[in-house]
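Here's a quick briefing to read with the model open.

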Amino acid sequence: MLGCSDSRVAPGTICGLPPGSLFVHRNIANLVNNVDVAAMSVIQYAVGILQVQHIVVCGHYDCGGINAAVRNDDHPSPLANWLRNIRDVYRMHREELSSIQDQEVRARRLVEINVIEQAINLYKTRIVQQRRIETYQNLEEHGFVQPKIHPCVYDPATGKLVRLDARA
Ligand SMILES: [Zn+2]
């Protein structure tokens with residue numbers, strides 16, 4: 001699972017899985033950035049060595065990182081540089097997002113869009129592409145092309161984890 005550092009987003013608990021089930025990487029606003037050595041190492045190990053079959057990219061509503069980007073809060077570096085990644089996602093979807101008047105609704109939508117963009121970033125990584133080709137070429141052994149990527153949003157207010165449509 002790739003999730004947010006927010007303390008409410010406890011990966012095992014929200015997925016209903018016991019210890020030993022999940023390999024986890026967390027950072028502010030669950031970003032997949034291909035120059036982030038920590039995230040890329042986790043993905044490399046999980047996909048290449050552990051050969052995980054599923055990766056959940058999990059965002060959450062009321063995310064401080066997303067809210068900071070929406071409000072254009074000023075933070076010193078390195079946080080400012082990190083939040084810039086979210087601002088880039090915002091910019092790519094400016095038309096849709098700026099048409100939403102309510103700031104809270106806009107932030108919720110950005111949480112969803114961000115998860116989908118990060119799932120795409122993950123999908124495009126070399127290690128994921130390589131493993132998908134391998135498993136595609138041996139479908140009989142693997143059953144399906146792996147790893148499958150699941151963009152999800154957790155709502156701390158309701159405790160619900162919802163899977164998003166990757167094409168949304
Ligand atoms: Zn968060």
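**Zinc site**

Along the chain, the donors of the zinc ion follow the spacing C-x55-H-x2-C. This is a predicted model, so keep that in mind as you go.

- The protein donors are Cys4 through SG, His60 through NE2 and Cys63 through SG, and they sit 2.0 to 2.3 Å from the zinc ion.
- His60 has a relative accessible area of 0%, so it counts as buried.
- Cys63 is buried too, because its relative accessibility is 1%.

- Strands E4 (residues 148-155) and E5 (residues 160-163) run antiparallel, joined by 4 bridges.

**Cis peptide bonds**

- Ser77 and Pro78 are joined by a cis peptide bond with omega at about 5°; Pro78 belongs to the loop between helix H3 (64-71) and helix H4 (79-92).
- Another cis bond runs from Gln146 to Pro147, with omega near -5°, and Pro147 lies in the loop between helix H8 (139-142) and E4.

- Most residues other than glycine have a negative phi, so the next two are worth a look.
- Ala29 has phi near 65° and lies in the loop between strand E2 (25-27) and helix H2 (37-49); with a relative accessibility of 0%, Ala29 counts as buried.
- Asn72 has phi near 60° and is found in the loop between H3 and H4; Asn72 counts as exposed because its relative accessibility is 56%.

Terms used
Residues are numbered from 1 along each chain as its sequence is written. This is a predicted model: local features need pLDDT of at least 70, side-chain atom pairs count only at pLDDT 80 or more; totals for chains, interfaces and linings use all residues. Side-chain values use heavy atoms; hydrogens and water are left out. Donors are N, O and S atoms within 2.8 Å of the metal (3.2 Å for Na, K and Ca); water is not among the atoms, so sites may look incomplete. Buried means under 20% relative accessible area, exposed over 50%, partly exposed in between (1.4 Å probe, protein chains only). Two strands pair if DSSP finds at least two bridges between them. Helices (H or I, at least four residues) and strands (E, at least two) are DSSP runs, numbered from the N terminus.
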